[in-house]
Amino acid sequence: MPIRSKYRREKKEKKQGRTFREKAHLFWRALKFLVVVALVAAAALWYYMGRLDRMIEEKFDQPRKWDLPSRVYSDATYLYPGIDTAKMRFVEKLDRLAYRNTGETISGPGDYAAGPAHIDIYLHDFSYPTEEFKGFPVRLSMEAGVIDDITNMDSKEQLSVVKLEPEEISSIFDERMEDRTVVTLKEVPPILLESIILIEDERFFKHKGVDPIGIMRAFGANIRSMKIAQGGSTLTQQLVKNYFLYPKKSILRKLNEMLIAIEIERHHTKGEILEAYLNEIYLGQRGASSVSGVAEAAKYYFAKNVNQLSIGESALLAGMIRLPSEYNPLKHKDNAEARRNFVLKRLFDAGLITEEQYAGAKAEPIIPTKPVVRVGRAPYFIDFVKQQLKDLYPREVLQSEGLRIFTTLDMTMQLTAEEVVVSELSRLEKANAAVLPKEHAEPLQGVLIALQPGNGYLRALVGGRNYAESQFNRATQAMRQPGSAFKPFVYLTALDPKDSKTLFTAASTVEDSTFSVESGGKQWSPKNYDKKEHGTVTVRAALEQSLNIATSKVAMEAGLDNVAATAKKAGITTAIDPVPSLALGSFEVVPLELAGAYTVFPNNGILAEPISIMNVVTDKGEVLEKKSLKVRRVVDAQPAYLTANIMKGVVDRGTAAAARSMGFEGIAAGKTGTTSNYKDAWFVGFTPNFLALTWVGYDDNAVMNMSGARAALPMWVNFMKRAAPPSQQDFPSPPDIVLVKTDRTTGKLSNKNCPDYIEEAFIEGTEPSEYCDKTPNAESY
């Protein structure tokens, strides 16, 4: 028995020893495994942190941290005595420029207040290509809506003119669609910095990117309130989330957020991080683009530079960071006020503002700007500008380097043009349903181009009735026959002693009788629109009444090659064959080119090529492009003046005389245009200082059965009455022009037998010498 017990005990001891050794062995194996895992994890973490460092270096450690959209601006608007504020839609202009109606008084930049006979405006600061403009308060004294006097309210100085800054009409974004104005830390008011740090990350200067104390405090507050009352993310983490990571919440994203925040804090100062945060933070939405950064938000919500924000406005912006849509003052004013007051109370409790400042800021009314979404403004003009910019800058540059493009556009005039095109085309379709093609698949289209003939500045450009439905820019891309709108270039050639084979004057006569001539192996015989012949007519009558037969004869006698050459000199680049039908505009032309060519008439022979871009400026203020005026003499002044003088008669008593019955006043000249098959209708009219072209037609060249006088002229009149004041100034007469009284019918010198005369203009030495000898009371055309 003892032996057996001893055996059992020895066996048990052996087993226990073996078990201990096995356990020890297993322990050391496990320890080795854990060490290997730890080393691998450390290596992986080291590798991953290295990747994060490289990512931070590639994206964050660069002078340009953000892709900044290029911004396209209209021209500035000049105000001076005599301006009709109602006609220029002045209050709408102020709203678009983000001025705020503050009631009775103004206190700072961006404010305006209207009285019974005045408007007070505190002008915005603005960075022009050649100057930094500092805003000041002005009073516009008015009588019946017309500016009578302008006064600098600070200096009490009387001003002859004051300039309203350009409107931002479009931005050229990348795919992120972020609207941002980058500022430095020095440009941001201290109260805004203190408000943001107090509300978003009170321990910002104490943590290293992640704040465990803040996380625990937020966790406790959320448990107590049974909702998400506080967030535990630091400013650095918020910056990382917005700048580096995707918005979708996940544990992996949160871990990455913390790691990147720690790395950024290791390599960057608190000032650098705070500055990046101020420029990155999301603060709302403007149409399809986001409002990013405090500077862009200050402009959007308060029409101010960020350094001009008041204490109350600073508190509101800081409070908006948590929920920009809920605290948006444009949409939820009560929520915004409550949130602002909460931030102000925190500032006061923290001793960052005095009791007086607290009370004043709390009583400050919230007066945001009127929301203006820029999407879709002047779309055809913007497309034309972008097309020109593509020839100068790559797309990537336009989307990322924050260029500022200053254009010639008059935004008020542009809006008027867009409204007129839509309303007139709708009116035409209703009023002329009987003559328009039945059940035509596409609607009538229209073009309206307005420019200053003296410098070629494009003031308005509409390339169709609805950009959303058709982006085809008919003003700059369509090729259409000009028809009779080309006839002035025939007479410009004929009235030029240097260019015409036969010397013509406005009083020269031509037979308006049927003829036939071979052209292209076929007989060509022009017909008048009224299907009649008018016998002997003067050159003036032929152009005023747009007589096809007489004009064709004038063109052939002046020389078809010469007429084609004149058109080329005037800037028409399309192919023009010197065939007889050339006189009736049988070739195709781009509407914008035709508008530019017409500048030779009010300019006495000087061509002003249309331009849309004046300056391109970098985000640092460096001028990259300064477009010089493309103005040059292409024909002598005298024949250009004579042609324009005849074209005045087109408006007064010719094919465009209906303009007067429509209420158009003042001195003007122009020419209707209708193609022989009624597929195109034109009117190009001008005053000494303004020119506008209108076109109406179908994209598929369907027949309209409407003339230029019927379809295009009313659009021109409607626009001119709203956009341009009546011109009392006549076209300037060049040297060597004499005025002589001539008989309207014969073109000879007037006498008692021919009392129906016109005071006709001639180049000196070409005036008639014969007196009229017709029978009194003879009919005239």
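## Helix α18

Let's start with helix α18, which spans residues 560–569 and has L560, V563, A564, T566 and A567 buried. These residues sit on the same side of α18, because the arc they cover around the axis is only 155°. Keep in mind that this is a predicted model.

What do the buried residues of α18 pack against? Their partners are α15 (487–494) and α17 (548–558). Just after α18 comes G571, a residue with a positive phi of about 105°.

## The disulfide

How many disulfides does the count come to? The count is 1 disulfide, formed by C754 and C772 with their sulfur atoms 1.8 Å apart. This pair links distant parts of the chain, 18 residues apart: C754 belongs to the loop between β30 (737–743) and β31 (757–763), while C772 lies in the segment after β31. As for handedness, the link of C754 and C772 is left-handed, with -70° about the S-S bond.

Are these cysteines buried or exposed? C754 counts as buried because its relative accessibility is 0%. C772 is buried too, with a relative accessible area of 3%, and the cut-off for buried is under 20%.

Terms used:
Residues are numbered from 1 along each chain as its sequence is written. This is a predicted model: local features need pLDDT of at least 70, side-chain atom pairs count only at pLDDT 80 or more; totals for chains, interfaces and linings use all residues. Side-chain values use heavy atoms; hydrogens and water are left out. Buried means under 20% relative accessible area, exposed over 50%, partly exposed in between (1.4 Å probe, protein chains only). Helices (H or I, at least four residues) and strands (E, at least two) are DSSP runs, numbered from the N terminus. The arc is that of the directions from the helix axis to the C-beta atoms. Contact means heavy atoms within 4.5 Å. A disulfide is a pair of cysteine sulfur atoms within 2.5 Å.
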